[in-house]
Protein chains: 2
Amino acid sequence: MRKVYLSNTPRQGALIKFLDGVKITRRTETAAVPDTLGRVTAEAVFARLSMPGYHAAAMDGIAVQSEKTFGTSDQNPLILKPEVEYHIINTGEPLPSGFDAVIKVEDVQFLADKQAEILAPATPWQYVRAVGEDVVAGELIVPARHCLRPPDLGALLAGGITEIKLLAKPQVAVIPSGSEIVDPGEKRNKGSIPDFNSTVIASFLQQWGAEAAILPPVPDDPDQIRETLSSALEDFDLVIINAGSSAGEKDYTFSAIEDLGEVFIHGVATRPGKPTILGCVDHKPVVGLPGYPVSAYLSLEWFVQPLIYQYLGLPLPQREKMPVTLGRRVVSEVGVEEFVRMTVGFVNERYIANPLTRGAGVTMSLVRADGLLVIPANSLGYEQEETVEIELYRPQNELRYNLLAAGSHDLIIDLLATALKERDPRLHLSSAHLGSMGGIAAVGRGQAHLAGVHLFDPETEEYNWPYIKKLLPGHKLHLLNLAYRMQGWIVPRGNPDGIEAIEQLADLKLSFINRQKGAGTRLLFDHLLREANLSSDQIYGYKREEHTHLNIAAAVAAGTARIGLGIMPAARAFGLDFIPLIEERYDLLISDAFYNSPEFKILLDIINDPQFQKQVEAMGGYSLRNAGRIIEKT
Amino acid sequence: MRKVYLSNTPRQGALIKFLDGVKITRRTETAAVPDTLGRVTAEAVFARLSMPGYHAAAMDGIAVQSEKTFGTSDQNPLILKPEVEYHIINTGEPLPSGFDAVIKVEDVQFLADKQAEILAPATPWQYVRAVGEDVVAGELIVPARHCLRPPDLGALLAGGITEIKLLAKPQVAVIPSGSEIVDPGEKRNKGSIPDFNSTVIASFLQQWGAEAAILPPVPDDPDQIRETLSSALEDFDLVIINAGSSAGEKDYTFSAIEDLGEVFIHGVATRPGKPTILGCVDHKPVVGLPGYPVSAYLSLEWFVQPLIYQYLGLPLPQREKMPVTLGRRVVSEVGVEEFVRMTVGFVNERYIANPLTRGAGVTMSLVRADGLLVIPANSLGYEQEETVEIELYRPQNELRYNLLAAGSHDLIIDLLATALKERDPRLHLSSAHLGSMGGIAAVGRGQAHLAGVHLFDPETEEYNWPYIKKLLPGHKLHLLNLAYRMQGWIVPRGNPDGIEAIEQLADLKLSFINRQKGAGTRLLFDHLLREANLSSDQIYGYKREEHTHLNIAAAVAAGTARIGLGIMPAARAFGLDFIPLIEERYDLLISDAFYNSPEFKILLDIINDPQFQKQVEAMGGYSLRNAGRIIEKT
């Protein structure tokens, strides 16, 4: 078994070395102007014809010879004969030969015999659109390396250009590698991984102006990988292999590139994205991308996007940047540049950003992210409430309308997100799964608009309010009921262990899967343990945590856990059995500022909407008997 | 002859009335996920499968049963048997049944007989990627009305979704109308106008997510226009007629819409864009766009883009805004909202913006514009040096690299623009055609990086420097020679009037076309007049002005002027005769700040490049004997 370690080359240095070592030869192609939107010119284009090609009337009216109108006035009107001394002319029509001015129709009085009376002289060339006013022959319309926009196409056609020379799109081969890789649509077995990375990579390339071909997956076989690479190099300008880019037993991308050409970089000092390979074969660029989705996409952006833009001669687009306040502490290791996906919301006139999971494998973190925090290699990270600059994935003026839901996760929150967007396209609900306790704290710190909470207080036998009073004394807050929902045991279909009581978990040594600290469901489980006089040591898997109900159900469905505590729709989603235990109240804790905002009115309107309530009830396990009612307020 | 006047409805009110009165019924379609980039979801999509679908190794190493490793330490190493107590496992591979942790390969010592020695215990589930970590079944992947980005496609495929329901693109008919309209590629006659507007309109629609069909042009015939509209309404969601939208004799768009349905608005209080028609037939939107290109495109953006985005349920994109300093005064009429296209440059640490021509017909003003100044209806405009906010057509971080060339126009400036972009894609050279005098003033006010000047001083018989010394005393400046060039008479081919001397212009009463005030060429003409003892009154057309050499040549070529003064390549571009008169020095006046910038080094490098010089010489009429030499400096 090999033990090879990757290098830790700083990202910027790796990019420079790569761009210096490779070359994509520019090719051109000719296309009809209407088909060139978003394409890039290969050369400067000069107008061939003028537009207009003649002097044209700029107004509806009459064409006159200005010289003959001199001296005309109210006191001294002039009467013009049709077809001889004047011609009726409409906007855009050519001036008759010998005529040099237009008088607006409003300023003309038509008399008998079509004679026209005017009360003021015309100055030469008044209301005349000169030849070449729009585009003049010989004029530069667009320079070389110009990305064509709609008005450019208009100016080209106006200037008599119907075909232009474009830079051909660079052709990129995407080679999915790995014996475990199957087509995304294929049936999945244990150990098989659907190749969704290739589609994402190809889509990014398409967005950047390249053309990507996804080749058939290649198994983990050094010869096959080398041969596929070798043959792709014949037909493409750039080859991307995904993955096998690390230094593991079955990672053959490195040796394939090195056998045929040269590896410049193996390993960049980033997290995620470290196992990246940058190399070439006869100066043709070859990139080995990591297998983890987030790593692969970030690495693609760092190293392949600049290459494509360099080929097209376009400036690399820069993401909009914005200062935000951190809602949570973000730690980082010295020596690696870290890339943390963030959600952003506009709470109490501040942009608050919270980190999403850092897992390199979590595609959903990119789907959910509003921005990206780049932590430099020399930084240990940032403290809560610190101001940091992030790169935005969505425009700042849209983030203004981002609502931040912290706290406990419930599937109703997902439905709310969709319904909000339908009411007002600008409204976007981002969820941070912090658990009920974390949600209360976030609202208290002014870092979230609302938080889902379901916390049973054994002392008062009340839900939520005792905790909120204790944790946020003196805050002005509103507690709105969203639903009552059943919590219960999530177990394999048919309840093979015959679960009825919590004691069975300890007695049968069932593999349990727990929720994270601060989650209402975890507190409920702890409460149940105490009631049954059990200690957490007696539960196998007590320390194994997941952050959502669905992930609990997924573990039970996969057979890696035998039982979990959660809500009914999660069990349903996986076709599992659900043994109801307790009905709990799930409320939304709402800051006073949000309570008084127009967005809250929309939210409340949705919660009270019978159509929406039907959707919720269809998921099972919910009662909406108090939905939309304010339960408590300070 | 009708005298119908348009209404002056404020733009925002017109939009609201239009959106309230029309409706596009949403249609959906199903598509394979890889084909949905940039499309919009019709409904929320939830994951069908989990990714990964099994517990997988997150590291290369060995899979173990954590329970059996408890108590292991340096002092108390543990030796594991292959295939029984441990399994070799690579990243992404499923954990064997009964195994619950991974030990990294770096932490394993392999002994004889493939036995593995470890020196530390494994905690349960360490280095294990849990089922559903990436995407968990049942989880919301994307809400309805979501515009799909590359990572979204990855998450969908990961979640077992291979097909989704999209909003069908709205189908738009574009009807070009006007008897003068011909196909862009067709031969143009006097009075014919190529239909380039339709291509621009269709391209904008495509960019916004609609699908446009350009119908064959319809002549100015009320019945044909009504019939074409009526039949388009059967097949399309939205119909656009371009143009005939004003109230002139041959403007039939209004009556066509009113005959079949209803007109909400005829005339908006904007400049350009006033003659816009907003209406409907059975709630289906119909828009009559003005014929002038700039009017048409702005009106399209004001009224059609919101309609499309409303259909797609997406927030209307907002252009980036930025405060700029006005390099020139911009006046406006009270009662109309004005839209002024602007160039922007970063000069002496300030963003300086200058208005381009306001002609509604000048497509090139949109091509050249870096931003748009919107002057509210209640404003009289803004003063020079005032700070105003403009909407950007190009990202601010690119405008940082915009170089502003003011002053006299020369075709070499166009070549420089193209060459700069080729050296550094970020460099963009915007030209404001202010004439030599205007250019000197602009550099003096810190509103331009450089200015082209060619000003003959009769007193000293020197070029440029006497003017600069007089106009900008005490400024630190550099004067760089770009070229010597021939000025001469531009006359019809064959020189039919046998032009040799300036006196002939007066004697033969030739129709002259002049350059604008402050242009070096106009000063040269004035100098020639004085030398010949002629007064400007003796020159027919002295007051008729154009702003570029090419426009002078275009007027002569079109026969609307008989003679003009200009440079040789302009005459050449139109196949005209050129009678050389005087060789003049064309210099670049350069501010000290720009002189010391890295961008100037690039500019100078281009001017000295033999390849570039060959290009310039090929245009004819230039001598580069001193090109790139500093002539004077303070």
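# Exercises on a two-chain predicted model

B:Pro272 sits in the loop between β19 (270-271) and β20 (277-281) of chain B; helices (H or I, at least four residues) and strands (E, at least two) are DSSP runs, numbered from the N terminus. This is a predicted model, where local features need pLDDT of at least 70, side-chain atom pairs count only at pLDDT 80 or more, and totals for chains, interfaces and linings use all residues. Residues are numbered from 1 along each chain as its sequence is written, while chains are lettered from A and ligands numbered from 1 in the order in which they are written.

**Exercise 1.** Describe how helix α3 of chain A meets helix α2 of chain B.

*Solution.* Take the axes, which are lines fitted to C-alpha atoms, for helices over the stretch in contact, with angles from 0 to 180 degrees between N-to-C directions. The axes of α3 (residues 197-208) of chain A and α2 (residues 150-158) of chain B come within 8 Å and cross at roughly 165°. Therefore α3(A) is roughly antiparallel to α2(B) (angles over 145 degrees count as roughly antiparallel). Next, list the contact residues (C-beta atoms, placed from the backbone, within 7 Å). α3(A) gives A:Asn197, A:Thr199, A:Val200, A:Ser203, A:Phe204 and A:Gln207. α2(B) gives B:Pro150, B:Pro151, B:Leu153, B:Gly154 and B:Leu157.

**Exercise 2.** Work out the strand order of the open sheet of three strands in chain A.

*Solution.* The order is β6-β4-β7, with antiparallel pairing (strands pair if DSSP finds at least two bridges between them). The edge strands are β6 (87-89) and β7 (101-104), each pairing on one side only. Three bridges join β4 (residues 61-64) to β6(A). A:Ile62 has A:Ile88 as its bridge partner in β6(A).

**Exercise 3.** Is A:Asp113 buried or exposed?

*Solution.* Locate A:Asp113 in the loop between β8 (109-110) and β9 (116-118) of chain A. Its phi is positive, about 55°, although A:Asp113 is not a glycine. Then count: 8 other C-beta atoms lie within 10 Å, so A:Asp113 is exposed (12 or fewer other C-beta atoms within 10 Å, placed from the backbone).

Notes:
Angles under 35 degrees count as roughly parallel, over 145 as roughly antiparallel, 65 to 115 as roughly perpendicular and the rest as oblique. Two residues are in contact if their C-beta atoms, placed from the backbone, lie within 7 Å. A residue is buried if 20 or more other C-beta atoms lie within 10 Å of its own, exposed if 12 or fewer, and partly exposed in between; C-beta atoms are placed from the backbone.
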